[in-house]
Every structure is written in C-alpha cells, then in structure tokens.
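I opened this notebook to record what I looked up in the structure, one topic per entry.

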Amino acid sequence: MLQQFYTFNFEKMVGFLDDLNGICGGDGNCLSSFTVDRRIRERTIAPYLQANLAFDVANRPAHFRAGVRYEKTKVRSSALVPIPTGTQWVSANEFNLTYGTGSDFTTFRGDYDNWLPAIDVDFEPIENVKLRASYSHTITRPDYASMQGGRTVDQLFRIGGGTGSQGNPGLLPYKSKNIDLSAEWYYAPSSYLSVGFFDKRVRNFISSTRIDTDAFGLTNPADGPRYQAAVAALGANASTTDLRNYIFANYPASVIVDSFDPATGNYTGKILGLPEDGAVNFQVSTPINSDQSAHLYGFEFAIQHNFWDTGFGTILNYTIVRGDATYDNSQPSSVPQFALTGLSDSANAVLFYDKKGIQARIAYNWRDKFLGGTGPNPFYIEAYGQVDASASWEFKKGYTAFVEAINLNGASRRGHLRSENNAFFASPGYARYGAGLRVNF
C-alpha cells in the first residue's frame, strides 16, 4: 500500500509568490510587524504522601487509601503590547490615541499554594458487590486568557476618560471539596450495575472588576491649562465647539488644523495632548476571584450488560445534576446574578457488538436544556438528542475497514434567551457519513 505525506511551509510559499508576482512589492518581506507577544510561565512544586492499606471487615476485603498533596505555584506573565504615544481631541466628545512604532514589555507576577487531601475507601460486603467512598480537595487553574497580565487600552475615549483591559496572574484556582459515594454489582462477566452520588462545594469563581488608573503617561487635551483658559475666557456654559475654536485660535503650536470656515469661525482638526494636561483616567477591566461559592450534587446510574457469548451488549447511563447557583429569569436585567453555566441532566444508550474482529455500535446521546451564558441577557441551549453509529472489521492483521454515521436522526440545535419564543440561534442538523481504511504497521 503506497502512502504519501505532504508538508507545507506557508512563509516560503508567500515568499515564492512575492518573487513571482510581487504580491508584497517584490521585496521578499510579506510579514506583518510583530508588535504583540503574550507569554505565561508557571512553575509548580507538588510533593505528596500516600498510604495504602488492605484489611478485612467481618472477614470481607476492604481497602483504605489516604494522601495529601501540597502544591506551590508561581506565575509569571509577560506581554509585549503596542505603546500609545499621545492623544488627540478630534471632535466634540471624541478622542483618539496615537501609536508609535515601539511596544511596551511588562511583567506581572502571582503565586498561590494549596493543601489537597484525599481519602478513598472501598469494601466488598458480599461477593461481586463493591461499595466505595471518597473525600478530596481538588483545584482547577484559571484559563490563560484570564491570567495574561498585559494591559491594553482602547483607542477611542471620551472627555471623561477611556477603557481598557488586563489579565490577572494572581488569580487563585477554583477549589472544590468533593464527596463521592457509589455501589457496584458485578452480576455477570463483563456486566455490572452501579449507582453513585456526588457532592461538590466550589469556590474562587472568577468575576470581573474595574480599576481606575492612568496608563502610559497619556494626557487629556480637554483637561489642562488650554482648556481652563478657554473656560475662563468664554464662561462655564460655553459649548464644546466654542471651547475647541478658542484653543485652535490661541494655541496653534499644539493643534493640527484640517479646515477653517470664516463664515462661522469653526475649526476642524485635532487638538494634541500635552505633558502639562491632566492624565487620562482609564477604567480597566480585570478578572478577580469573587466571594461567590456553589454547591453541586447529583446521582449517576449505569448498567452494562453482555448478552451471554453472542458479542452483543448494551450500555445505559443517566446523570442527574442539581445546584444552588441558578439563574432567575424573573429578575430585571439590571440585577446582577451569579449562576453556573452548563449544568443539565444527560443520558446515553448504546447497543454494541464486539466479536471475531467485528465491532459495531449505535448510540443515542441526550442532554437536557442548560444555561449557556449569564449577564443581562442570559441564553439557554435547548435539549438535544443525537444518534451516532459506527462499525469496523479487521479483515487482516493490521488492516481495518470502517464506516461511521454521525447525527443519523438529523437533530438540530436551538438556543433562546429568557423566553423560549426569543430565539438566540438555530442550527439545522444533517447526517454525516464516513468510510475508510486503517493500517497499523
């Protein structure tokens, strides 16, 4: 069997096309300027101790495992971002930032540590029946976008100030205290029945706050000696247009005039920010750990049954999830709410065959409606069920032919806002088919 592999070097191809057709001017330089570079480095030390014990209870086997992990993490977030070099007052209440060719390389740091205990116990009270219990502390680290510390400010701002954003490498990880209980009955070879209960208490959720700060030494052209002189000359009730005209007429060295209308005396152009002007106040959004916590709990039911030695079998499972952090649609949009997204019941039903080199399965996967996003306009993803099927046959050692079908029932997806009548999105579903040959060598 002949196999061919291809690689593609995009930069070389762009250079070739530039030489051939001059798509970038024929100078061989088609790369955009490199002005943004964001990097995060995490260093974690995680020693742990663990003890495993085996013993009998009423002459039945039992096991006990206990351990503790200590984690110490240091985060260093470096970012290369474009530097705003100045400001311009371009119209009544519109200001722009101007940029040079340089970038600012800033570094922010953070660190945290956690003790993470875990205890697991299992006991076999009767043959082929297993009881399990666990208690543990676990963490989930924040996403990199939230930890990235580079500060950026928006190019447009108003007379009262501007906006911007930055990450927070000092964010603490989500921390969960978990209880898991389960009972399992292995009633036949490769067949079992199980039921489980889980309980999670989660804290350190990430929210957002705004801090007021100046940035990059930027100044506000409408907050300085020129503006104060214009107000003193024209009065506090003078229009913004008249104040701008006064600065254009009396401070020509610090403005750029685009046009002047002698009939009205109005100027158009840009008033440049000066070092003696007041600093621009930026409201910078940054993620923080909130004091919100959530309680999640639920049940899991599962059965796997093989039909004797026929190769046929089935897998059925159902998960129930509940929590106390739910969204109240009856509250007005002005009321902030904390709610967990993605919580819903789910179920799967699988019929399979696995014997003599042939594997086949057909599965129905279902998920109930869940909250997809919060905020003033929350949205929900509606209940969805999909049928998938696949089959494979290893007709020769290392050679396997396969076919597959995804979304056989052509299920569609739909989301809505607070009301089911207010559609958020609708995505029609279609079946997809595939076939191929796998070769292992």
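**Entry 1: Salt bridges**

I began with the charged side chains and counted twelve salt bridges. The model is a predicted one, and I read every value below as computed from it.

The pair I looked up at the outset was Arg 132 with Glu 184, whose side chains form a salt bridge with an N to O distance of 2.9 Å. Arg 132 belongs to strand S5 (residues 129-140) and Glu 184 to strand S9 (residues 174-188), so the bridge ties together parts 52 residues apart in sequence. Arg 132 is partly exposed, at 33% relative accessibility, whereas Glu 184 is buried, at 12%. I noted that the cut-off for buried is under 20% relative accessible area, so the value of 12% places Glu 184 in that class.

I next turned to Arg 322 and Asp 345, whose side chains meet in a salt bridge at 3.0 Å, N to O. Arg 322 lies in strand S16 (residues 312-323), and Asp 345 lies in the loop between S16 and strand S17 (346-355), so this pair joins parts that are 23 residues apart in sequence. Arg 322 is partly exposed, with 39% relative accessibility. Asp 345 is buried, with a relative accessible area of 9%.

I also looked up Arg 414 and Glu 382, which form a salt bridge of 2.3 Å, N to O. This pair links distant parts of the chain, 32 residues apart: Arg 414 is in strand S23, and Glu 382 is in the loop between strand S20 (379-381) and strand S21 (384-396). Arg 414 counts as partly exposed, at 28% relative accessibility.

Finally, I recorded a network of salt bridges that links Arg 65, Asp 122 and Lys 130.

**Entry 2: Ala 411**

Where does Ala 411 sit? I found Ala 411 in the loop between strand S22 (399-406) and strand S23 (413-416).

Is Ala 411 buried or exposed? I read a relative accessible area of 13% for Ala 411, so this residue is buried. I then asked which residues Ala 411 contacts, leaving aside neighbours within four places in sequence. They are Tyr 384, Gly 385 and Gly 429. I also noted the spacing to Ala 431, which is 20 residues away along the chain: the two C-alpha atoms are 8.4 Å apart.

Trp 308 is exposed, with a relative accessible area of 75%.

**Entry 3: Helix H4**

Which residues of helix H4 are buried? In H4 (residues 240-250) I listed Leu 243, Arg 244, Asn 245, Ile 247 and Phe 248. I then looked up what these buried residues pack against. Their partners are strand S3 (60-91), helix H3 (225-234), strand S12 (255-261) and strand S13 (266-272).

**Entry 4: The protein as a whole**

The protein has four helices and 25 strands. Its radius of gyration is 32 Å, well over the 22 Å that the globule rule gives for 441 residues, so the protein is more spread out than a compact globule. Along the principal axes, the C-alpha atoms fill a box of roughly 100 × 60 × 50 Å.

How much of the protein is buried? I noted that 29% of the 441 residues count as buried. The protein exposes about 26,600 Å², and carbon and sulfur atoms supply 55% of that area.

For contacts between residues at least 6 apart in sequence, I recorded that 64% join residues at least 24 apart. As to charge, the protein has 39 positive and 42 negative charges, and their mean positions are 6 Å apart.

Technical notes:
Residues are numbered from 1 along each chain as its sequence is written. This is a predicted model: local features need pLDDT of at least 70, side-chain atom pairs count only at pLDDT 80 or more; totals for chains, interfaces and linings use all residues. Side-chain values use heavy atoms; hydrogens and water are left out. Helices (H or I, at least four residues) and strands (E, at least two) are DSSP runs, numbered from the N terminus. Buried means under 20% relative accessible area, exposed over 50%, partly exposed in between (1.4 Å probe, protein chains only). Contact means heavy atoms within 4.5 Å. The radius of gyration is taken over C-alpha atoms; the globule rule is 2.2 Å times the number of residues to the power 0.38. Accessible areas come from the Shrake-Rupley method with a 1.4 Å probe; for residues, only the protein chains shown count as cover. Lys and Arg count as positive and Asp and Glu as negative; His and the chain ends are not counted. The place of a charge is taken as NZ of Lys, CZ of Arg, CG of Asp or CD of Glu. A salt bridge is a side-chain nitrogen of Lys or Arg within 4 Å of a carboxyl oxygen of Asp or Glu.
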